[in-house]
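The sequence and the structure are shown first, and the description follows.

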Amino acid sequence: MLGPVILAASRSDRMRRLISAAPVTKQVVDRFIPGETVSDIVPIIKDLTGKGLQLTMDVVGEDITTPAQAEGARDAYLALIDHLKELELGEKVEMSVKLSMFGQALEGGHELALANVRPVVEAAAAIGTTVTLDAEDHTTLDSMFAIHEELRKDHPGTGCVIQAYLFRTEADAKRLAEAGSRVRLVKGAYKEPAEVAYQQKHEIDKAYVRILKTLMDGEGYPMIGSHDPRLISIAQELAHNAGRKLDEYEFQMLYGIRGDEHLRLAAEGHRMRVYTAYGTDWYGYFMRRLAEKPANLRFFLRSMVSKG
């Protein structure tokens, strides 16, 4: 499987330098990350929301090594919220954050990440939107869930992400499928050992369906993070069987992947949210997009052959 190889490359400084130096890289990266600054991204926000889509915004960057960098990540999100306030988009645009950006891996990281993310959640609530905590590798999840629980005491709309490939996730889903919760289910995009995660696609897909059924049958708000046509169809069936209305769940897909499907689902009356990333520290995010789907890697390699 190429996925683990690509994920290993995402942590290699040598591969970072090689890929960053390739002339075609920026053209391909722009497919997934359409800007480096808030100003770059505002036209994208206006365009997508004007087409009936909703967004979740991600400021890319995970290699945080100092508390000052973590505070810089906090400030980047606060600047984004200031722009969203000017656009008056309310719940059409929320934010996704990785706690690693807020200092989770540093000394005293749990408390540091909570202290940095809290003002972002508060500022988001003040303009009528919310924040979802992205899931990272399995070693970070107990801290993430604890921060999620703490934030929900004052801001119950704070969401979190769970990953179908982890063995623990079925139990996590049962715990989280409560009234008022917002839970995004994804397959998972980190290299995880066989001791904690399914390794085969068919096993992950089966787990995804089981977990999604738990969320649909629960009392929370499921967010289906998938580009897989079969899983999207199953999600619609599970929602129907659970008696859910169209505004009681939503689909989420990445910017740059299956754009026509975004519009189709929105036209059918579904809530369709586009995960849209921006920023200069794009490498880790970009490599995981390649690892998630072979078609993304083929797209990149064809571009390098034709343009390099």
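Strand E6 is covered on both faces: Tyr 221, Met 223 and Gly 225 on one side, and Pro 222 and Ile 224 on the other, are all buried. Buried here means under 20% relative accessible area, exposed means over 50%, and partly exposed lies in between, with a 1.4 Å probe and protein chains only. Because five of the five residues of E6 (residues 221-225) are buried, this strand is largely enclosed by the rest of the structure. Strands (E, at least two residues) and helices (H or I, at least four) are DSSP runs, numbered from the N terminus.

The model is predicted, so local features need pLDDT of at least 70 and side-chain atom pairs count only at pLDDT 80 or more, while totals for chains, interfaces and linings use all residues. Residues are numbered from 1 along each chain as its sequence is written, and side-chain values use heavy atoms, with hydrogens and water left out.

**Neighbours of E6**

E6 pairs with strand E5 (residues 182-186) in the parallel sense over four bridges, and Tyr 221 is the bridge partner of Arg 182. Strand E7 (residues 250-254) also runs parallel to E6, joined to it by three bridges; there Gln 252 is the bridge partner of Gly 225. Two strands pair if DSSP finds at least two bridges between them.

The contact (heavy atoms within 4.5 Å) is made by Thr 169, Glu 170, Ala 173 and Lys 174 of H8 and by Arg 210, Ile 211, Thr 214 and Leu 215 of H9.

**Nonpolar cores**

A nonpolar core is a set of buried Ala, Val, Leu, Ile, Met, Phe, Trp, Tyr and Cys residues joined through side-chain atoms within 4.5 Å. The largest one has 77 residues, and those with the most contacts inside it are Met 57, Tyr 77, Met 95, Val 117, Leu 133 and Ile 162. Helix H6 (residues 109-126) supplies the largest share of this core, eight residues. Leaving aside neighbours within four places in sequence, Val 117 is in contact with Val 97, Leu 99, Phe 102, Leu 133, Ile 147 and Leu 151.

**Two loop residues with positive phi**

Glu 88 is found in the loop between helix H5 (67-87) and strand E2 (93-97), and Arg 258 in the loop between E7 and helix H11 (259-267). Each has a positive phi value in a residue other than glycine.

| Residue | Phi | Relative accessibility |
|---|---|---|
| Glu 88 | near 55° | 70%, exposed |
| Arg 258 | near 60° | 28%, partly exposed |

**The chain as a whole**

The secondary structure comes to 13 helices and eight strands. Of the 308 residues of the chain, 52% count as buried. Among contacts with a separation of 6 or more, 74% are accounted for by residues 24 or more positions apart.
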